[in-house]
Amino acid sequence: MLTISRELVDKIIAHARADHPDEACGVIAGPLGSDSPERFIPMENAERSPTFYRFDSLEQLRVWREMDDRDEEPVIIYHSHTATEAYPSRTDIAYAAEPGAHYVLVSTREKLGEEVELRSYRILDGVVSEEKVTITSG
């Protein structure tokens, strides 16, 4: 189960909407071993694509080193889907390299009268497991 604050959910959604029609991506870091998402880190989609995302390798190196220096880890790795549901694609599954992370997807496709779809998954050895998301007010 993923527990995340409304403030962080709102930041993910705002980033996804701002980068639309391209996919948005980023990380939410938290203290090592805590499973507690705390620090929002929006990143650039190096592909600038509506159907694929990739962290810029230099930016990713910088962010991961910064997390190491702060005794943090990537608790959440998020990205958006612009025209499909918030479910990992085959490519998303193949590139999932953080076994302890929650993979959060948000869909920015237009669905009249509905809230933005946000879902979370664990991806381990190519196996996708959806998990419950609890949004807190804090």
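**View 1. A salt bridge joins the side chains of Lys11 and Glu7, at 3.6 Å from N to O.** A salt bridge is here a side-chain nitrogen of Lys or Arg within 4 Å of a carboxyl oxygen of Asp or Glu. The two residues are four places apart in helix H1, about one turn of the helix. Helices (H or I, at least four residues) and strands (E, at least two) are DSSP runs, numbered from the N terminus. Lys11 has a relative accessible area of 34% and is therefore partly exposed; buried means under 20% relative accessible area, exposed over 50%, and partly exposed in between (1.4 Å probe, protein chains only). The structure is a predicted model, in which local features need pLDDT of at least 70 and side-chain atom pairs count only at pLDDT 80 or more, while totals for chains, interfaces and linings use all residues. Residues are numbered from 1 along each chain as its sequence is written, and side-chain values use heavy atoms, with hydrogens and water left out.

**View 2. Helix H1 comprises residues 6–19.** The expected span is 1.5 Å times one less than the number of residues. Leu8, Val9, Ile12, Ile13, His15 and Ala16 are the buried residues in H1. Seen down the axis, these buried residues fall within an arc of 160 degrees, so they line one face of the helix. The arc is that of the directions from the helix axis to the C-beta atoms. Arg17 and Ala18 are exposed on the other side of H1.

**View 3. Helix H2 (residues 57–69) has buried residues that pack against strands S2 (25–31), S3 and S4.** The helix has 13 residues and reaches 18 Å from its first C-alpha to its last, close to the 18 Å expected. Glu59, Val63, Trp64 and Met67 are buried. They cover an arc of only 125 degrees around the axis, which puts them on the same side of H2. Exposed on the other side are Ser57, Leu58, Arg65, Asp68 and Asp69. At the start of H2, a side-chain oxygen of Asp56 comes within 3.1 Å of the backbone nitrogen of Leu58. Asp71, which follows H2, has a positive phi, near 55 degrees.

View 4. Residues up to four places away in sequence not counted, Glu59 touches Pro42, Met43 and Glu44, contact meaning heavy atoms within 4.5 Å.

**View 5. Arg39 and Glu72 form a salt bridge, with their closest N and O atoms 2.6 Å apart.** This pair links distant parts of the chain, for Arg39 lies in strand S3 (residues 39–43) and Glu72 in strand S4 (residues 72–81), 33 residues apart. Both partners count as buried: Arg39 at 18% relative accessibility and Glu72 at 10%.

**View 6. The side chains of Glu130 and Arg119 meet in a salt bridge at 2.9 Å, N to O.** Glu130 lies in strand S7 (residues 127–131) and Arg119 in strand S6 (residues 117–124), so the pair ties together parts 11 residues apart in sequence. Glu130 is partly exposed, with a relative accessible area of 46%, whereas Arg119 counts as buried at 18%. Salt bridges that share partners join Glu85, Arg109, Glu117, Arg119 and Glu130 into one network.

Conventions. Polar contact = N/O pair within 3.5 Å; in protein donor to acceptor, adjacent residues only side chain to side chain.
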